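Please look over the sequence and the structure shown here before reading the briefing that follows. The points are grouped by topic.

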Amino acid sequence: MPNDKDNRGPAPPISNHADGVTGDLVRLMPRDLVFVMRFMGESQYRLQSHFQDFIRAELAAGGVTPQTHPMIHLFIESHAILLRDFVFSGVSLTRQFRVDEIERLTGDTTSMIRVDIWDQLKSHIETAEKQFQSQADTLPKLLSAFENPTGPAAGEDK
């Protein structure tokens, strides 16, 4: 007597597997999910401003000013952002909490945090898949850079 697997037919498209991968990720949460701090708003602006002033002063000490380098503000801003993100990432990584610790701290005895994360994971996976599929027409051109080289030199060893 055939079992249920025999009646399934071909495997469903990848987008229908979002539940499966979402379930896998939720099962791995106790081991793999950590909550980290994130500085936002005025804190980001304040640290970025500090680094802009710091970089500007360091460059000026070396003779680089807006008068000698009119576009230097772009360099200063982009490097200040990099330094800000480096600092905040380093601090955030030293303060991590596991999902069971967050549930205990928030009094979440019904695992609502996990349910919310499940919903968001599934939604974002489906959105990512739809985004990839919407760009399918452009893939052949993008992937051509990964093709085997053609012509007589392609098969020759150097």
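Is Phe39 buried, partly exposed or exposed, going by its relative accessibility? Phe39 counts as partly exposed, because its relative accessibility is 31%, where buried stands for under 20% relative accessible area, exposed for over 50% and partly exposed for what lies in between, with a 1.4 Å probe and protein chains only. This is a predicted model, in which local features need pLDDT of at least 70 and side-chain atom pairs count only at pLDDT 80 or more, while totals for chains, interfaces and linings use all residues. Residues are numbered from 1 along each chain as its sequence is written, and side-chain values use heavy atoms, with hydrogens and water left out.

**Aromatic pair**

- The structure holds one aromatic pair, a pair being rings of Phe, Tyr and Trp (its six-membered ring) whose centres lie within 6.5 Å, with planes under 30 degrees apart counted as stacked, over 60 as edge-to-face and the rest as tilted.
- The partners are Phe39 and Phe88, and the pair is stacked because the ring centres are 4.5 Å apart and the planes stand at 15°.
- Distant parts of the chain are linked in this way, since Phe39 sits in the loop between strand S1 (34-36) and H2, whereas Phe88 belongs to helix H3, 49 residues apart; helices (H or I, at least four residues) and strands (E, at least two) are DSSP runs, numbered from the N terminus.
- Phe88 is buried, its relative accessible area being 12%.

**Nonpolar cores**

- The largest nonpolar core has seven residues, namely Leu47, Phe51, Ile55, Ile72, Ile76, Ala80 and Phe88; such a core is a set of buried Ala, Val, Leu, Ile, Met, Phe, Trp, Tyr and Cys residues joined through side-chain atoms within 4.5 Å.
- Helix H2 (42-61) and helix H3 (72-93) each supply at least two residues of this core, and H3 gives the most to it, with four residues.
- Apart from this core lies another one of six residues, among them Val26, Met29, Ile113 and Ile117.
- Ala80 is in contact with Gln48, Phe51, Gln52 and Ile55, leaving aside its neighbours within four places in sequence, where contact means heavy atoms within 4.5 Å.
- Gln52, which lies in helix H2, counts as buried because its relative accessibility is 17%, and this residue touches Ile76, Glu77 and Ala80 when residues up to four places away in sequence are not counted.

**A buried glutamate**

- Glu103 is found in helix H4 (residues 99-106) and is buried, with a relative accessible area of 9%.
- With residues up to four places away in sequence not counted, Glu103 touches Asp108, Ser111, Ile113 and Arg114.

- Val21, Leu25 and Leu28 make a nonpolar surface patch of about 200 Å²; patches consist of residues with over 30% relative accessible area and no salt bridge, like charges being joined within 9 Å and nonpolar side chains (Val, Leu, Ile, Met, Phe, Trp, Tyr) within 5 Å, and the accessible areas come from the Shrake-Rupley method with a 1.4 Å probe, only the protein chains shown counting as cover for residues.
- Leu28 is part of helix H1 (residues 18-32) and is partly exposed, at 34% relative accessibility.
- Val115 lies in helix H5 (residues 112-134) and is partly exposed at 37%; between Val115 and Val26 there are 8.7 Å in space, C-alpha to C-alpha, although the two are 89 residues apart in sequence.

**Salt bridges**

- Side chains of opposite charge can pair when their charged atoms come close.
- The count comes to seven salt bridges, each being a side-chain nitrogen of Lys or Arg within 4 Å of a carboxyl oxygen of Asp or Glu.
- Asp32 and Arg31 form one of them, with the closest N and O atoms 2.7 Å apart; Asp32 is partly exposed at 45% relative accessibility, whereas Arg31 is exposed at 56%.
- Arg56 and Asp53 meet in a salt bridge of 3.0 Å, N to O, and both lie in helix H2, three residues apart, about one turn of the helix.
- Glu126 and Lys122 meet in a salt bridge of 3.8 Å, N to O, and because they are four residues apart in helix H5, about one helical turn separates them.
- Asp19, Lys122 and Glu126 are linked in a network of salt bridges.
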